[in-house]
Amino acid sequence: MSEKIQTIPIAKPWMGEAEAEAAKRPILAGWVTQGPEVAAFEQEFAAYVGANHACAVSNCTTALHLALLAVGVQPGDEVITVSHSYIATANSIRYCGAIPVFVDIEPQTYNINPMLIEDVINERTRAILIVHQMGMPCDLKVILSIARSHNLPVIEDAACAIASEILWDGQWEKIGKPHGDIACFSFHPRKVISTGDGGMLTTNNPEWDKQFRLWRQHGMSVPDTVRHGAKQVIFESYPMLGYNYRMTDIQAAVGREQLKRLPEIVERRRYLAQRYQQMLADVPGLKLPTEPQWAKSNWQSFCVRLPEKCDQVQVMQAMLDAGVSTRRGIMCAHREPAYSIEAWSCGVDSDACNCELGKCQRLTESEQAQERAIILPLFHQMTEQEQDRVIELLKSTILG
Ligand SMILES: *Cc1c(COP(=O)(O)O)cnc(C)c1O
(Lines give C-alpha, C1' and ligand atoms only; values in the text may rest on other atoms or scores of the structure.)
Protein backbone atom coordinates (compact mmCIF):
# COMPACT_ATOMS: atom_id res chain seq x y z
CA MET A 1 0.00 0.00 0.00
CA SER A 2 1.43 3.36 -0.97
CA GLU A 3 1.48 5.94 1.77
CA LYS A 4 0.39 9.37 0.56
CA ILE A 5 2.47 12.13 2.11
CA GLN A 6 0.31 15.04 3.25
CA THR A 7 1.06 18.28 1.41
CA ILE A 8 2.37 20.94 3.75
CA PRO A 9 0.23 24.06 3.16
CA ILE A 10 1.67 27.56 2.89
CA ALA A 11 -0.50 28.80 5.77
CA LYS A 12 -3.33 27.65 7.99
CA PRO A 13 -5.40 29.58 10.52
CA TRP A 14 -5.16 28.33 14.11
CA MET A 15 -8.75 28.01 15.34
CA GLY A 16 -10.67 25.52 17.44
CA GLU A 17 -13.49 24.92 19.87
CA ALA A 18 -13.02 28.32 21.52
CA GLU A 19 -13.83 30.12 18.25
CA ALA A 20 -16.72 27.77 17.47
CA GLU A 21 -18.18 28.38 20.95
CA ALA A 22 -17.69 32.12 20.62
CA ALA A 23 -19.53 32.19 17.28
CA LYS A 24 -22.49 30.60 19.07
CA ARG A 25 -22.91 33.57 21.42
CA PRO A 26 -24.21 36.15 18.92
CA ILE A 27 -26.10 33.46 17.00
CA LEU A 28 -28.03 32.35 20.08
CA ALA A 29 -28.40 35.91 21.42
CA GLY A 30 -29.92 37.07 18.15
CA TRP A 31 -27.76 40.18 17.74
CA VAL A 32 -25.53 39.32 14.80
CA THR A 33 -24.12 42.60 13.48
CA GLN A 34 -22.90 45.97 14.86
CA GLY A 35 -23.66 44.78 18.38
CA PRO A 36 -21.80 44.06 21.62
CA GLU A 37 -19.23 41.62 20.16
CA VAL A 38 -18.05 44.18 17.59
CA ALA A 39 -17.76 46.85 20.31
CA ALA A 40 -15.82 44.50 22.60
CA PHE A 41 -13.49 43.34 19.83
CA GLU A 42 -12.73 46.97 18.98
CA GLN A 43 -11.88 47.79 22.59
CA GLU A 44 -9.70 44.74 23.04
CA PHE A 45 -7.93 45.35 19.76
CA ALA A 46 -7.25 49.02 20.59
CA ALA A 47 -5.83 47.99 23.96
CA TYR A 48 -3.63 45.34 22.36
CA VAL A 49 -1.96 47.68 19.86
CA GLY A 50 -2.05 50.70 22.18
CA ALA A 51 -4.33 52.89 20.04
CA ASN A 52 -6.98 55.29 21.34
CA HIS A 53 -9.55 54.07 18.81
CA ALA A 54 -10.19 50.94 16.78
CA CYS A 55 -13.06 50.61 14.31
CA ALA A 56 -13.99 47.20 12.88
CA VAL A 57 -14.89 46.89 9.20
CA SER A 58 -15.55 44.18 6.64
CA ASN A 59 -11.92 43.72 5.50
CA CYS A 60 -8.63 45.56 5.15
CA THR A 61 -9.39 46.81 1.64
CA THR A 62 -12.44 48.71 2.89
CA ALA A 63 -10.36 49.92 5.86
CA LEU A 64 -7.78 51.36 3.44
CA HIS A 65 -10.53 53.04 1.41
CA LEU A 66 -11.95 54.77 4.51
CA ALA A 67 -8.49 55.74 5.76
CA LEU A 68 -7.70 57.46 2.46
CA LEU A 69 -11.07 59.25 2.47
CA ALA A 70 -10.52 60.39 6.07
CA VAL A 71 -7.23 62.11 5.29
CA GLY A 72 -8.91 63.89 2.38
CA VAL A 73 -7.82 61.96 -0.71
CA GLN A 74 -9.93 63.15 -3.64
CA PRO A 75 -10.26 62.36 -7.35
CA GLY A 76 -7.13 63.40 -9.21
CA ASP A 77 -4.90 63.40 -6.10
CA GLU A 78 -1.71 61.36 -6.06
CA VAL A 79 -0.98 58.88 -3.27
CA ILE A 80 2.56 57.55 -2.89
CA THR A 81 2.74 53.80 -2.29
CA VAL A 82 4.41 50.58 -3.48
CA SER A 83 3.46 48.41 -6.43
CA HIS A 84 5.09 45.48 -4.62
CA SER A 85 2.09 44.56 -2.44
CA TYR A 86 -1.13 42.70 -2.60
CA ILE A 87 -3.19 44.48 -5.28
CA ALA A 88 -5.70 45.73 -2.69
CA THR A 89 -3.23 48.41 -1.57
CA ALA A 90 -3.17 50.17 -4.94
CA ASN A 91 -6.83 49.42 -5.64
CA SER A 92 -7.94 51.29 -2.51
CA ILE A 93 -6.33 54.44 -3.93
CA ARG A 94 -8.20 54.04 -7.21
CA TYR A 95 -11.50 53.62 -5.32
CA CYS A 96 -11.02 57.27 -4.30
CA GLY A 97 -10.50 58.28 -7.93
CA ALA A 98 -6.89 59.03 -6.98
CA ILE A 99 -3.65 57.94 -8.63
CA PRO A 100 -1.22 55.49 -7.02
CA VAL A 101 2.35 56.67 -7.53
CA PHE A 102 4.64 53.69 -7.11
CA VAL A 103 7.99 53.82 -5.33
CA ASP A 104 10.48 50.97 -5.40
CA ILE A 105 11.35 48.77 -2.42
CA GLU A 106 14.50 47.96 -0.47
CA PRO A 107 15.64 44.45 -1.41
CA GLN A 108 16.48 43.44 2.18
CA THR A 109 13.17 44.24 3.89
CA TYR A 110 10.84 44.18 0.85
CA ASN A 111 9.45 47.50 2.13
CA ILE A 112 9.23 50.96 0.54
CA ASN A 113 12.63 52.60 0.09
CA PRO A 114 12.30 55.82 2.12
CA MET A 115 15.13 57.45 0.15
CA LEU A 116 13.00 57.41 -3.02
CA ILE A 117 9.88 59.01 -1.57
CA GLU A 118 10.92 62.65 -1.84
CA ASP A 119 11.58 62.32 -5.60
CA VAL A 120 7.88 61.79 -6.36
CA ILE A 121 6.34 64.36 -3.98
CA ASN A 122 4.70 67.24 -5.84
CA GLU A 123 1.74 69.63 -5.38
CA ARG A 124 -0.76 66.88 -6.27
CA THR A 125 0.54 64.47 -3.60
CA ARG A 126 -2.11 64.03 -0.90
CA ALA A 127 -0.93 61.09 1.22
CA ILE A 128 1.65 58.35 1.69
CA LEU A 129 0.36 54.78 2.00
CA ILE A 130 3.10 52.48 3.28
CA VAL A 131 2.92 48.70 3.64
CA HIS A 132 4.51 46.67 6.46
CA GLN A 133 5.09 43.89 3.96
CA MET A 134 4.77 40.31 5.22
CA GLY A 135 4.71 41.72 8.76
CA MET A 136 8.08 43.51 8.61
CA PRO A 137 7.80 47.07 9.95
CA CYS A 138 8.72 49.89 7.55
CA ASP A 139 11.31 52.47 8.55
CA LEU A 140 8.64 54.65 10.12
CA LYS A 141 11.03 57.15 11.76
CA VAL A 142 12.50 58.17 8.41
CA ILE A 143 9.21 57.99 6.50
CA LEU A 144 7.39 60.12 9.08
CA SER A 145 10.05 62.80 9.11
CA ILE A 146 9.82 63.11 5.31
CA ALA A 147 6.02 63.12 5.43
CA ARG A 148 5.84 65.71 8.21
CA SER A 149 8.25 68.03 6.42
CA HIS A 150 5.80 68.05 3.47
CA ASN A 151 2.68 68.08 5.64
CA LEU A 152 1.51 64.74 4.28
CA PRO A 153 -0.53 62.18 6.24
CA VAL A 154 0.83 58.62 6.52
CA ILE A 155 -1.46 55.60 6.35
CA GLU A 156 -0.04 52.23 7.37
CA ASP A 157 -1.22 49.17 5.46
CA ALA A 158 -0.69 46.80 8.38
CA ALA A 159 -2.80 44.02 6.81
CA CYS A 160 -0.08 41.49 7.67
CA ALA A 161 1.46 43.24 10.68
CA ILE A 162 -0.68 42.47 13.75
CA ALA A 163 1.75 41.94 16.69
CA SER A 164 4.78 43.23 14.77
CA GLU A 165 6.84 45.66 16.82
CA ILE A 166 9.02 48.70 16.33
CA LEU A 167 11.57 50.26 18.67
CA TRP A 168 10.23 53.74 19.40
CA ASP A 169 12.15 56.08 21.68
CA GLY A 170 13.68 53.15 23.52
CA GLN A 171 10.46 51.13 23.88
CA TRP A 172 9.10 48.27 21.80
CA GLU A 173 5.69 49.34 20.51
CA LYS A 174 3.10 47.46 18.50
CA ILE A 175 2.44 48.37 14.89
CA GLY A 176 -0.98 50.05 14.83
CA LYS A 177 -0.50 52.34 17.81
CA PRO A 178 -0.46 53.95 15.18
CA HIS A 179 2.83 55.72 14.50
CA GLY A 180 1.47 57.21 11.30
CA ASP A 181 -2.02 58.68 11.22
CA ILE A 182 -4.14 55.58 10.60
CA ALA A 183 -3.29 51.87 10.47
CA CYS A 184 -5.36 49.21 8.67
CA PHE A 185 -5.40 45.50 9.55
CA SER A 186 -6.74 42.35 7.86
CA PHE A 187 -8.25 39.19 9.36
CA HIS A 188 -8.21 37.20 6.13
CA PRO A 189 -7.17 33.54 6.71
CA ARG A 190 -3.79 34.20 5.08
CA LYS A 191 -2.91 36.63 7.89
CA VAL A 192 -1.74 35.88 11.44
CA ILE A 193 -5.20 35.87 13.04
CA SER A 194 -8.48 35.50 11.19
CA THR A 195 -12.21 36.14 11.40
CA GLY A 196 -12.84 34.59 7.98
CA ASP A 197 -12.81 38.06 6.50
CA GLY A 198 -12.51 41.25 8.50
CA GLY A 199 -10.59 44.45 8.98
CA MET A 200 -9.73 47.09 11.59
CA LEU A 201 -8.78 50.76 11.50
CA THR A 202 -6.77 52.23 14.36
CA THR A 203 -6.17 55.93 14.98
CA ASN A 204 -5.69 58.44 17.78
CA ASN A 205 -7.89 61.01 16.07
CA PRO A 206 -11.45 60.85 17.54
CA GLU A 207 -12.94 62.74 14.58
CA TRP A 208 -11.68 60.19 12.09
CA ASP A 209 -12.91 57.35 14.27
CA LYS A 210 -16.39 58.94 14.25
CA GLN A 211 -16.21 59.28 10.48
CA PHE A 212 -15.27 55.61 10.02
CA ARG A 213 -18.33 54.55 12.07
CA LEU A 214 -20.66 56.64 9.91
CA TRP A 215 -19.14 55.54 6.63
CA ARG A 216 -19.13 51.83 7.42
CA GLN A 217 -22.90 51.91 8.02
CA HIS A 218 -24.27 53.78 4.97
CA GLY A 219 -23.59 57.21 6.49
CA MET A 220 -26.50 56.65 8.87
CA SER A 221 -26.79 59.23 11.67
CA VAL A 222 -28.11 56.88 14.38
CA PRO A 223 -26.29 53.61 15.13
CA ASP A 224 -28.38 50.44 15.56
CA THR A 225 -27.48 50.18 19.25
CA VAL A 226 -28.94 53.63 19.96
CA ARG A 227 -32.14 53.02 18.00
CA HIS A 228 -32.60 49.63 19.60
CA GLY A 229 -32.28 51.02 23.14
CA ALA A 230 -34.38 54.17 22.53
CA LYS A 231 -37.56 54.70 24.54
CA GLN A 232 -38.83 57.20 21.99
CA VAL A 233 -39.27 56.92 18.27
CA ILE A 234 -36.25 58.26 16.42
CA PHE A 235 -35.68 58.57 12.70
CA GLU A 236 -32.21 58.28 11.28
CA SER A 237 -30.88 60.51 8.53
CA TYR A 238 -28.13 60.12 5.94
CA PRO A 239 -26.06 63.29 5.90
CA MET A 240 -23.34 61.84 3.66
CA LEU A 241 -22.60 59.13 1.14
CA GLY A 242 -21.74 55.99 3.08
CA TYR A 243 -20.92 52.35 2.42
CA ASN A 244 -21.76 48.93 3.76
CA TYR A 245 -18.38 48.05 5.28
CA ARG A 246 -19.69 46.38 8.44
CA MET A 247 -18.14 43.55 10.42
CA THR A 248 -20.64 41.07 11.88
CA ASP A 249 -20.82 40.08 15.56
CA ILE A 250 -20.14 36.49 14.55
CA GLN A 251 -16.81 37.56 13.04
CA ALA A 252 -16.02 39.78 16.03
CA ALA A 253 -16.72 36.98 18.52
CA VAL A 254 -14.24 34.79 16.65
CA GLY A 255 -11.77 37.67 16.51
CA ARG A 256 -11.85 38.09 20.30
CA GLU A 257 -10.78 34.47 20.74
CA GLN A 258 -8.09 34.86 18.08
CA LEU A 259 -6.73 37.89 19.93
CA LYS A 260 -6.31 35.73 23.05
CA ARG A 261 -4.24 33.25 21.06
CA LEU A 262 -2.12 35.94 19.43
CA PRO A 263 0.82 36.03 21.90
CA GLU A 264 1.24 32.26 21.58
CA ILE A 265 0.90 32.41 17.79
CA VAL A 266 3.57 35.10 17.45
CA GLU A 267 5.96 33.31 19.78
CA ARG A 268 5.65 30.17 17.70
CA ARG A 269 6.05 32.02 14.40
CA ARG A 270 9.17 33.75 15.68
CA TYR A 271 10.57 30.43 16.83
CA LEU A 272 9.95 28.78 13.45
CA ALA A 273 11.36 31.79 11.57
CA GLN A 274 14.49 31.67 13.71
CA ARG A 275 14.79 27.98 12.92
CA TYR A 276 14.54 28.65 9.18
CA GLN A 277 17.24 31.33 9.57
CA GLN A 278 19.61 28.95 11.32
CA MET A 279 19.06 25.92 9.15
CA LEU A 280 19.13 27.74 5.82
CA ALA A 281 22.08 30.01 6.67
CA ASP A 282 24.63 27.88 4.83
CA VAL A 283 22.80 27.43 1.51
CA PRO A 284 25.03 29.08 -1.12
CA GLY A 285 23.37 32.00 -2.92
CA LEU A 286 20.14 31.82 -0.93
CA LYS A 287 19.23 35.20 0.62
CA LEU A 288 17.30 35.10 3.87
CA PRO A 289 15.06 37.91 5.13
CA THR A 290 16.73 40.43 7.42
CA GLU A 291 15.17 42.15 10.40
CA PRO A 292 16.47 45.65 11.15
CA GLN A 293 17.62 46.14 14.77
CA TRP A 294 14.65 48.40 15.44
CA ALA A 295 12.06 45.92 14.13
CA LYS A 296 10.48 42.65 15.28
CA SER A 297 8.46 40.94 12.58
CA ASN A 298 5.49 38.69 13.32
CA TRP A 299 6.75 36.59 10.38
CA GLN A 300 3.38 36.56 8.62
CA SER A 301 5.42 35.23 5.69
CA PHE A 302 8.94 33.86 5.48
CA CYS A 303 10.35 34.90 2.14
CA VAL A 304 13.68 33.73 0.69
CA ARG A 305 15.42 34.93 -2.45
CA LEU A 306 16.63 32.11 -4.68
CA PRO A 307 20.20 31.88 -6.00
CA GLU A 308 20.72 33.40 -9.49
CA LYS A 309 20.95 30.03 -11.20
CA CYS A 310 17.57 28.78 -9.98
CA ASP A 311 14.34 29.07 -11.92
CA GLN A 312 11.56 30.17 -9.56
CA VAL A 313 8.78 28.17 -11.21
CA GLN A 314 10.90 25.02 -11.43
CA VAL A 315 11.83 25.20 -7.75
CA MET A 316 8.21 25.78 -6.75
CA GLN A 317 6.98 22.93 -8.97
CA ALA A 318 9.61 20.50 -7.66
CA MET A 319 8.63 21.32 -4.11
CA LEU A 320 4.93 20.99 -4.87
CA ASP A 321 5.56 17.59 -6.51
CA ALA A 322 7.24 16.52 -3.27
CA GLY A 323 4.33 17.77 -1.14
CA VAL A 324 5.35 21.29 -0.09
CA SER A 325 3.33 24.37 -1.07
CA THR A 326 5.17 27.62 -1.68
CA ARG A 327 4.19 30.98 -3.18
CA ARG A 328 6.10 33.31 -5.47
CA GLY A 329 7.36 36.63 -4.13
CA ILE A 330 4.84 39.41 -3.50
CA MET A 331 3.09 40.53 -6.69
CA CYS A 332 3.60 43.90 -8.39
CA ALA A 333 0.34 45.71 -9.14
CA HIS A 334 1.84 47.66 -12.05
CA ARG A 335 2.41 44.40 -13.97
CA GLU A 336 -1.22 43.30 -13.83
CA PRO A 337 -3.66 43.93 -16.70
CA ALA A 338 -5.84 45.97 -14.31
CA TYR A 339 -2.96 48.47 -14.22
CA SER A 340 -2.06 48.43 -17.90
CA ILE A 341 -2.12 51.71 -19.81
CA GLU A 342 -5.21 50.47 -21.69
CA ALA A 343 -7.13 49.65 -18.54
CA TRP A 344 -6.07 52.60 -16.49
CA SER A 345 -5.02 56.04 -17.55
CA CYS A 346 -3.47 57.96 -14.70
CA GLY A 347 -3.81 61.21 -16.64
CA VAL A 348 -0.16 62.16 -16.27
CA ASP A 349 1.58 63.38 -19.43
CA SER A 350 3.40 60.28 -20.62
CA ASP A 351 6.41 62.32 -21.82
CA ALA A 352 7.06 63.23 -18.22
CA CYS A 353 7.42 59.70 -16.94
CA ASN A 354 10.24 57.23 -16.99
CA CYS A 355 8.19 54.05 -17.09
CA GLU A 356 5.05 52.99 -18.91
CA LEU A 357 2.84 53.70 -15.95
CA GLY A 358 2.79 57.41 -15.49
CA LYS A 359 4.59 59.23 -12.71
CA CYS A 360 6.27 56.13 -11.38
CA GLN A 361 9.88 55.33 -10.83
CA ARG A 362 11.57 52.29 -12.27
CA LEU A 363 10.52 49.41 -10.07
CA THR A 364 13.52 47.15 -10.59
CA GLU A 365 13.80 45.87 -7.01
CA SER A 366 10.04 45.25 -6.82
CA GLU A 367 10.11 43.21 -10.04
CA GLN A 368 13.24 41.32 -8.96
CA ALA A 369 11.65 40.41 -5.63
CA GLN A 370 8.56 39.09 -7.38
CA GLU A 371 10.64 36.99 -9.77
CA ARG A 372 13.40 35.74 -7.47
CA ALA A 373 11.71 35.23 -4.11
CA ILE A 374 9.56 32.40 -2.83
CA ILE A 375 7.51 32.20 0.34
CA LEU A 376 7.93 29.07 2.49
CA PRO A 377 5.24 27.40 4.63
CA LEU A 378 4.93 28.89 8.11
CA PHE A 379 1.94 28.40 10.41
CA HIS A 380 1.27 27.85 14.08
CA GLN A 381 0.57 24.12 13.95
CA MET A 382 3.59 23.36 11.74
CA THR A 383 5.76 20.75 13.42
CA GLU A 384 9.55 20.79 13.46
CA GLN A 385 9.47 17.58 11.41
CA GLU A 386 7.37 19.32 8.78
CA GLN A 387 9.75 22.27 8.79
CA ASP A 388 12.71 19.91 8.42
CA ARG A 389 11.01 18.42 5.36
CA VAL A 390 10.64 21.90 3.82
CA ILE A 391 14.27 22.74 4.57
CA GLU A 392 15.68 19.47 3.21
CA LEU A 393 13.55 19.73 0.10
CA LEU A 394 14.51 23.34 -0.58
CA LYS A 395 18.19 22.51 -0.11
CA SER A 396 18.13 19.48 -2.39
CA THR A 397 16.12 21.36 -5.04
CA ILE A 398 18.52 24.31 -5.03
CA LEU A 399 21.71 22.27 -4.84
CA GLY A 400 20.31 19.94 -7.49
C1 LIG B 1 -4.17 40.91 2.51
C2 LIG B 1 -3.75 42.27 2.24
C3 LIG B 1 -4.67 43.29 1.96
C4 LIG B 1 -6.14 43.03 1.81
O5 LIG B 1 -6.76 42.57 2.96
P6 LIG B 1 -8.29 42.05 2.89
O7 LIG B 1 -8.68 41.92 4.33
O8 LIG B 1 -8.28 40.76 2.16
O9 LIG B 1 -9.08 43.09 2.18
C10 LIG B 1 -4.19 44.58 1.80
N11 LIG B 1 -2.87 44.86 1.86
C12 LIG B 1 -1.96 43.90 2.09
C13 LIG B 1 -0.52 44.26 2.18
C14 LIG B 1 -2.36 42.57 2.27
O15 LIG B 1 -1.44 41.62 2.46
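**The sheet and beyond**

Modeller: Ile-166 stands opposite Ala-295 in S10. This is a predicted model: local features need pLDDT of at least 70, side-chain atom pairs count only at pLDDT 80 or more, and totals for chains, interfaces and linings use all residues. Residues are numbered from 1 along each chain as its sequence is written, and side-chain values use heavy atoms, leaving out hydrogens and water.

Start with the whole sheet. Three strands make up an open sheet in the order S7-S6-S10, and the pairing is antiparallel. Strand S7 (171-174) and strand S10 (295-296) stand at the edges. Each has a single partner strand, so one side of each is left without a neighbour in the sheet. Strands here are DSSP runs of E with at least two residues, helices are runs of H or I with at least four, and both are numbered from the N terminus. Two strands count as paired if DSSP finds at least two bridges between them. Strands of a sheet pair through backbone hydrogen bonds, either parallel or antiparallel.

Now each pairing. Strand S6 (residues 165-168) is joined to S7 by four bridges, and the two run antiparallel. Glu-165 stands opposite Lys-174 in S7. Leu-167 has Trp-172 of S7 as its bridge partner. S6 and S7 form a hairpin, with two residues between them. In that turn, Asp-169 has a positive phi of about 50 degrees. S6 and S10 pair over two bridges, again in the antiparallel sense.

The largest pocket has a volume of about 630 Å³. Its lining holds 29 residues. Tyr-86, Cys-160, Arg-190, Lys-191 and Ile-330 lie nearest the centre of this pocket. Helix H3 (60-70), helix H4 (88-95) and strand S12 (327-328) each supply at least two lining residues. H3 gives the most, with three.

Two cavities of 30 Å³ or more turn up in a search of the whole structure. The largest cavity contains about 80 Å³ of space. It is lined by 15 residues, and Lys-12, Pro-13, Lys-191, Val-192 and Arg-269 are the closest to its centre. The search uses a 1 Å grid over the protein atoms alone: a cavity is a set of points where a 1.4 Å probe fits but cannot get out, a pocket is an open set with protein on both sides within 12 Å along at least five of seven lines, and lining residues have an atom within 4 Å of a point. Points are joined across faces, edges and corners, and a volume is the space filled by probe spheres set on them.

Then the charges. The structure holds 22 salt bridges (a side-chain nitrogen of Lys or Arg within 4 Å of a carboxyl oxygen of Asp or Glu). Glu-37 and Arg-256 form one of them, at 2.9 Å, N to O. Glu-37 lies in helix H2 (residues 36-49) and Arg-256 in helix H9, so the pair ties together parts 219 residues apart in sequence. Glu-37 is buried at 9% relative accessibility, while Arg-256 is partly exposed at 21%. Buried means under 20% relative accessible area, exposed over 50%, and partly exposed in between (1.4 Å probe, protein chains only). A network of salt bridges links Arg-25, Glu-37, Glu-44 and Arg-256.

Arg-227 takes part in two contacts. Its side chain meets Asp-224 at 3.7 Å, N to O, and Glu-236 at 3.3 Å, N to O. Asp-224 and Arg-227 are three residues apart in helix H8 (residues 224-229), about one helical turn. Asp-224 is partly exposed at 23%, Arg-227 at 34% and Glu-236 at 25%.

Last, the surface. Ile-27, Leu-28, Val-32 and Ile-250 make a nonpolar patch of about 360 Å². Ile-250 sits in helix H9 (residues 249-280), and it is partly exposed, at 31%. Patch residues have over 30% relative accessible area and no salt bridge; like charges are joined within 9 Å, nonpolar side chains (Val, Leu, Ile, Met, Phe, Trp, Tyr) within 5 Å. Areas come from the Shrake-Rupley method with a 1.4 Å probe, and for residues only the protein chains shown count as cover. Ile-341 is found in the loop between S12 and helix H11 (364-372). With 42% relative accessibility, Ile-341 is partly exposed.
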